[in-house]
Protein chains: 2
Amino acid sequence: MSGGADPEVRRARAWLSRALEPGSSAAWRFVEQSGPVVAAAALRAGTAPAEVQAVAGARAGEDASVEDLRRVARCGGRLVVPEDPEWPALPLHSLTLATEDGRGLVDGRQPNRTLTLVPPLALWVRGAASLTGLVDRSVALVGSRASTAYGEHVAGELAHGLGERGWTTVSGGAFGIDAAAHRGALAAGGPTVAVLACGVDRVYPGAHSALFARILDEGLLVSEWPPGCAPLRHRFLVRNRLIAALTRGTVVVEAAARSGAQATANRARELGKAVMAVPGPVTSAMSVGCHQLLREVERPVALVTSAAEVLEVVGRVGEDLAPPVERETAPGDSLSDVARRVLDACPVRVGVPPERLAAVAGCSVVDVLRVLPALELADLVEWTGTGWRVRRQSPRR
Amino acid sequence: MSGGADPEVRRARAWLSRALEPGSSAAWRFVEQSGPVVAAAALRAGTAPAEVQAVAGARAGEDASVEDLRRVARCGGRLVVPEDPEWPALPLHSLTLATEDGRGLVDGRQPNRTLTLVPPLALWVRGAASLTGLVDRSVALVGSRASTAYGEHVAGELAHGLGERGWTTVSGGAFGIDAAAHRGALAAGGPTVAVLACGVDRVYPGAHSALFARILDEGLLVSEWPPGCAPLRHRFLVRNRLIAALTRGTVVVEAAARSGAQATANRARELGKAVMAVPGPVTSAMSVGCHQLLREVERPVALVTSAAEVLEVVGRVGEDLAPPVERETAPGDSLSDVARRVLDACPVRVGVPPERLAAVAGCSVVDVLRVLPALELADLVEWTGTGWRVRRQSPRR
């Protein structure tokens, strides 16, 4: 495994992951303050604060942690914990800030329940790629399950364009827009992440077993719930905040009025992430939710029609590559227009030849060859032996 | 005729209308300062300022004014001049302000030519309705001639919805979006105005003779050019500013990139009018221009999907009915929500029964009957003998 966390910590997190249903800020705060090993022991002993003990309930008396870790390993997965270098600490920091601010919201459909923007305690992950490496430059494409051919086409095109530019498409693995987005990313040879509301060993919906198998080749299945957990209705709402948090921004491709995709967009906005929407025919019920978002005057949502426009919103060269805190000026700040476009055209994983970069960047191969040395000297790109890719700034497995 | 202007003034304006090709701010300023009779005499004597004399050129030596007035009368029309009560002074004031500010713009296609936002010298009008009465509550629907079935459907629906609410649809009488807009208004029994780039006695395009005949029943044909004038290419650009100026706001329904409809939208914006655009499939070339407008960050354009949303942008009860200068508080300011909706539902021309008002306003007939007495007492609506309509505040023929 990633070798970061102590096995005892990992096992404690595995236990907490099953004992504490995700989404409780009290539980997250308790684990954060006590540490996972002490927190798990307290819950098992029944000495945790009442509020947290109540979240665990009868589950505090059970221990499936060893079996859960074995089950995820059997299907080629692992448990990623905050103590691992693979943990996507930067994207998830938005949830930490939201929880510390006490931000939360009353969900319209469950007015008595405050849905808190709380970080996950651990993430169950299947697939060979690094979670933090994949979500570092990622965009969420979300939308209706009852999508139209138009919406699926656009979701596929956007994901394909993002994949071509080395960006990861994150979605929920569901029918409709989600599936079209994952497929579009895969068609471009780009990575894609499905964030599930059930165990990563389960295939839900069942018809997506072939799709999930393909996602595992290029990307990841991710879940807050341990192996075997069922996709219960309320888990989708909790899951949606994670899709918003992991990514740079959320694009609503097609959504009916008052839909789950709009809810994900609202979570993204509450987390300070970019929110975008794709317009569609005003005669289509599946675009009403998008148009509602685009008509909001006080909380502007960007209208996007292509992957390039999505990246205009979420990706500036400097911000993409530089850690946001350490440097005052980002390494790409002084790049020429052509250099910027070539850099944006570089994939993050598999190196590609200059001809491909020229095609994606919309310039000549001569231009590409002219700017590559400067990009390499600036540590922005690297030669893999078979092609050029973005030089990785964050730790990868 | 409207009986406002002196016959000598009308004849001078008719002469100026042919002698001075519309769109010259120098010419307009000269006429404004000298008065039409003196200005016409000076031009005929060759003593006008060189800049203005140059606009007239050889036309200063000709006089077709009597014949032009006869020709327009023969086809049931008239010349409306600023000295007439029928002159739409309030909407056109936006052009006066723009000219006085020296606002103008270089047209992208003719970079050497400054296209000035100058008021018209006179308007040739065909149709029974009052020009100022019709454009007082009007919206421009503009778009591509090479429209799609989707765009035509939406243009028709928007115009129909505007017509049902007593608003006038203004467009350019062309193929495509223009024709669909006029037809939608007519289908609702609502008034519609076609602003032409040729004489009002001409039918251009020729295939629109039946459409123009129907427009004349319910609305108006309007042109700055005297009878017989041809629809020359550059006249469309000049005409577009008039469409923008006459209306409360301009809706771009479908437009290709860098299209004439976008130009009209820009004119509307420069005149301080509302600019709206209808979204469409991102896969449609005919919606690219709309999406470009909607993606402008610095100069926001409202996304609209229905007539109700258009009226949200252009029509507030107080503003609709009250002259903007004379009163501090508009008569509709203190209306209840239901009363506002009923008032908005009232047509301006033909009275309708309470059942119809209830259907349009989206409330019960009981509600309508409850609020109508208050609206009548406030001089906002009137009973025509067969139904209720908005009480007219501006002079009509």
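Before you start: residues are numbered from 1 along each chain as its sequence is written, and chains are lettered from A in the order in which they are written. Because the model is predicted, local features need pLDDT of at least 70 and side-chain atom pairs count only at pLDDT 80 or more, while totals for chains, interfaces and linings use all residues; side-chain values use heavy atoms, with hydrogens and water left out.

**Stop 1: the two copies**

**Stop 2: B:His291**

Now select B:His291, in helix H13 (residues 288–295) of chain B; helices (H or I, at least four residues) and strands (E, at least two) are DSSP runs numbered from the N terminus. Is this histidine buried or exposed? B:His291 is buried, with a relative accessible area of 4%. Here buried means under 20% relative accessible area, exposed over 50% and partly exposed in between, with a 1.4 Å probe and protein chains only. Leaving aside neighbours within four places in sequence, B:His291 is in contact (heavy atoms within 4.5 Å) with A:Pro279, A:Leu303 and A:Thr305 from chain A, and with B:Pro279, B:Gly280, B:Pro281 and B:Val282 from chain B.

**Stop 3: rings**

The whole structure has four aromatic pairs over all chains; rings of Phe, Tyr and Trp (its six-membered ring) pair if their centres lie within 6.5 Å, and planes under 30 degrees apart count as stacked, over 60 as edge-to-face and the rest as tilted. Select one of them, B:Tyr204 with B:Phe236: this pair is tilted, 6.3 Å centre to centre with 55° between the planes. It links distant parts of the chain, 32 residues apart, with B:Tyr204 in the loop between strand E7 (192–196) and helix H10 (209–218) and B:Phe236 in helix H11 (residues 233–246). B:Tyr204 is partly exposed at 42% relative accessibility, and B:Phe236 is partly exposed at 22%.

Next, pick A:Arg44, whose charged end sits over the ring of A:Trp15, 4.7 Å from its centre. The criterion is NZ of Lys or CZ of Arg within 6 Å of the ring centre and within 35 degrees of the ring normal. In chain B, the charged end of B:Arg44 sits over the ring of B:Trp15, also 4.7 Å from its centre.

**Stop 4: helices H2 and H6 of chain A**

Colour residues 25–34 of chain A, helix H2; its buried residues are A:Ser25, A:Ala26, A:Ala27, A:Trp28, A:Phe30 and A:Val31. After the helix comes A:Gly35, with a positive phi near 85°. Then select A:Thr96 in helix H6 (residues 89–100). A:Thr96 is buried at 15% and touches A:Trp28 and A:Pro119, not counting residues up to four places away in sequence.

**Stop 5: cysteines**

How many disulfides are there over all chains? The search finds zero, a disulfide being a pair of cysteine sulfur atoms within 2.5 Å. For A:Cys229, the nearest cysteine sulfur is that of A:Cys198, 8.7 Å away; A:Cys229 is buried at 10%. For B:Cys229, the nearest is that of B:Cys198, 8.7 Å away, and B:Cys229 is buried at 11%.
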